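Subject: Structure handover

Dear colleague,

Please find the structure below, followed by some notes on what turned up in it.

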There are 2 protein chains.
Amino acid sequence: MPAVELSPGLRPIEAVARDLDLAPELWEPYGRDKAKVKLEVLAQRPAGGKLILVSAITPTPAGEGKTTTSIGLAQGLRKIGKRSILALRQPSMGPVFGRKGGATGGGASRLEPSDAINLGLTGDFHAIAAAHNLLAATIDNRLHFRQTTLDPRQVLWKRTLDTNDRALRSIVLGLGGKLQGVPRESGFDITAASEIMAILCLAESRADLRARLERILIGFTPEGEPVTAAETRVVGAMTAILNEAILPNLVQSREGTPALVHGGPFANIAHGCNSVLATRMALALGEYAVTEAGFAFDLGAEKFFNLKCRQAKLNPAAVVLVATIRALKMHGGQALDDLDRPDVEAVERGLDNLEAHLDAAAHFGKPVVVSINRFPSDTQKEFDAVIRRVESRGVPIAVADVFGQGGAGAIELAEKVVEAATFETALRTLYPVDADPVAKIETIARAIYGADGVTITPAAAAKLAKARQLGDAHLPICMAKTQDSLSDNPKLRGRPKGFTITVRDIEFARGAGFLVALTGDLLRMPGLPARPAAERIDVDEHGRITGLT
Amino acid sequence: MPAVELSPGLRPIEAVARDLDLAPELWEPYGRDKAKVKLEVLAQRPAGGKLILVSAITPTPAGEGKTTTSIGLAQGLRKIGKRSILALRQPSMGPVFGRKGGATGGGASRLEPSDAINLGLTGDFHAIAAAHNLLAATIDNRLHFRQTTLDPRQVLWKRTLDTNDRALRSIVLGLGGKLQGVPRESGFDITAASEIMAILCLAESRADLRARLERILIGFTPEGEPVTAAETRVVGAMTAILNEAILPNLVQSREGTPALVHGGPFANIAHGCNSVLATRMALALGEYAVTEAGFAFDLGAEKFFNLKCRQAKLNPAAVVLVATIRALKMHGGQALDDLDRPDVEAVERGLDNLEAHLDAAAHFGKPVVVSINRFPSDTQKEFDAVIRRVESRGVPIAVADVFGQGGAGAIELAEKVVEAATFETALRTLYPVDADPVAKIETIARAIYGADGVTITPAAAAKLAKARQLGDAHLPICMAKTQDSLSDNPKLRGRPKGFTITVRDIEFARGAGFLVALTGDLLRMPGLPARPAAERIDVDEHGRITGLT
């Protein structure tokens, strides 16, 4: 391909594909800097790499830099001669324009083309929303034409948009008379929480994708009999809409490390992992596949092990737990607007949170490396306090300057990860899937969150009774819980004690293969903040975007 | 680029770009068979081509084959040695899964990759929806945080989806208490009817796109003062979402004729033309740019001249009016399920409809060529009847077998078009923009539809009074009217007489630069039929789609 203007340091995606020994018929370009990789790769190449999971302690609102550390680590592995590759989630446009802004790492450890990745990449989220909403429109169409036994008061399937839009959480649709459908209550979830997002991320093949879509529970008849997506006759069309979306996207980091970016369920309201297909592909294409599981270990990593690894028989070689001095100070009681001020004692108090996640990680029996994501305001005394405590547990730790130095700032981390990942260990999950759902939730709440127990509201209990009646009690649990605390109360920092987890509702996700337990007042459609990140974003006459990263 | 498996007869898009003398830095691949062309082309290449507009008579529900004829004509022009290029609209996924099915032409006159074009192409419609819905979410967010002077009862801006979903036409949102927004009535339009679709299609540049987005009228204060999108502060972010969507998409026909496919407003409920940028680009890259304006001449072509050509100073060289023997029989009174039966008298009666469109076309002073889109059931006697009548008016006519033979079936048509387009004629529009809106609507209704006059409902009259008060009376009119009749009653075939057009509502589209006049009971969000096309679509394990084209 002839020379074309790319961002500084970026190689044509063709060169990235060539480094991975991908023959031209195994990938397709999307622009000069993005590609989709075909699934035939998986049949041709054995999955020989080692899987490294990056998770974090309970983050500040700005995040711990889990993605930045993953990218920095993968770049660091390259610096020490290892063929690393990233398998990461695609950012959702909802939070990109809402509170969070872009989500492609940062500084010298960033994915490129960053703006395009933040603004929809190759359109997978939109395809997921289109498939989701075709099913929803078909359900209402069948109600309208009286072609279904569904009870309009018991439709479970909502609609979805990749927009933070609180006004769509709860709506009445079908108003305006008999030509406009059947009036009923419904709502929208964000696309990252769509069951189809989870299905795409857990599907093992196109055939599996289709079979999972067929299994989606869309509602009940007036007699309480389950109705699935299969009866709508549009699952073939939904699969066609997802025909390209099922292919992992290939991009690169600022240092040219290949990255498969595919799928993006949130870890608070969904299962929080990139696609199984992208992870498998990374294991087929690299020696070390670095992946991440969103927010803190209690959310993303728990679900990574119990949902994704259990189903896909993935077996990570090591876990990296990211912490920042700033977050530790927050957990130690320092105010959010005061986190720049050095305070060793606050750090030491905040280490309770880190230890809670290390205790949680111990249940999965994998070697753990703690990585401190360095900020300019950090001091050596604060590092020393963390290193002392972590090393006293026999856990290796490194301070990594991934934002400032990229791979060069993560060489010690990379070496410790390689060492930790030397020996193979068996995959361990936290609970047997055939346990009762309440027992599974209790196990997660006690072992991972440190709760004293679980309160099931009557609404949730009724759904669980239904699940048992339908034979769905054997499904694993996808916890939906705030990312701001180990508990279900976002205000409780550090390592809360003496609390219970309240499960207020249960959602069926038969296609994804789990039951969703909604805790606290967490909603599956975020709202925009009073000052959305969208207000800072602009684009000039030449298409150059500002304010996004 | 190395050899890659493409559909039979399809060339790599790189070869298509090379034929157009497009340097590699002026386009980006999307897959091996699609590309986006950069706007810099317009600065580098003069727009020297001749513009050919393809429209049609009032169609049967299956359509007259306007797109198929456009493609066949462009291919026929190539057969006689002319460098032709197509500028067409992208199909909307709503009707693809609804009543219509795919919309990429047919048989030997089809766009490729047909399935991908029908399923979203490069994602432009989704980007338009995302920009549209970000504005909507921001409006409700500002109501929620009381940051706006907007009256929640007077918000004009709705939400949008590219799905046929009648249940979303009329909704109540913001329910569920004070954390879930402000309850109010609203609804969804289909993306093809979004003002942002019209804006993208009429924008002359990125800067013009941004300026138009700023001008969108989103609603009124309690005192009736207008509030525009500019006040929401997210127009920069909306423009960023549209950053790639503003670039025309390059694909090809089955015979390898280049085609720019960009934008897709419906012609019944919107202005019905592909983007100005794609049309300009086609005029820069080809000798003959073949474009189409949706449904019949009364809808698409009227708006093509009065909205698109007037604004963009485009001056078509000739008009092709497509008719089928089947449609003429329908207009002559034959039943829809009996159109295969030869009936010369029915054809002769039905010619009234063709003549009405020829009379309408005469107002614009352009040479017209009638093209009969040949079907296997047609007979020579039926052709003769049409040819006699059309030639008696001095209008050239050709029978084209574009579906069966592609360009080879359109050589006579191509020759007659070249002859008709020989001499330059001045652009003529139907009405002066500074006339009163009612006068403009009256002129369209009388001259184009053959109506006796116009009835303005009180609701529409109130909006028109508002338009005059706001200084918007000078905007041209975008008529929203059924495609099934020259009148606003879809049951009146042929050339209806003695009817009036009822304007039941007016919508402001300041960013697009027109007022929308809604007639009859036409809605801007279609529904799915009792047996949606989606039911026939499927995809196999290898990603091969069936049932779409």
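Predicted model: local features only at pLDDT ≥ 70, side-chain atom pairs only at ≥ 80, totals over all residues.

Residues are numbered from 1 along each chain as its sequence is written, chains are lettered from A in the order in which they are written, and side-chain values use heavy atoms, with hydrogens and water left out.

In helix α8 of chain B, residues 206–215 (helices are DSSP runs of H or I, at least four residues, and strands runs of E, at least two, numbered from the N terminus), the buried residues are B:Arg206, B:Asp208, B:Leu209, B:Arg212 and B:Leu213 (buried means under 20% relative accessible area, exposed over 50%, partly exposed in between, with a 1.4 Å probe and protein chains only). Seen down the axis of α8(B), these buried residues fall within an arc of 160°, so they line one face of the helix (the arc is taken from the directions from the helix axis to the C-beta atoms).

Over all chains, the count comes to 72 salt bridges (a side-chain nitrogen of Lys or Arg within 4 Å of a carboxyl oxygen of Asp or Glu). One of them joins A:Asp140 and A:Arg159 at 2.7 Å, N to O; A:Asp140 lies in helix α6 and A:Arg159 in strand β7 of chain A, so the pair ties together parts that are 19 residues apart in sequence. A:Asp140 is buried at 3% relative accessible area, and A:Arg159 is buried at 0%.

Best regards
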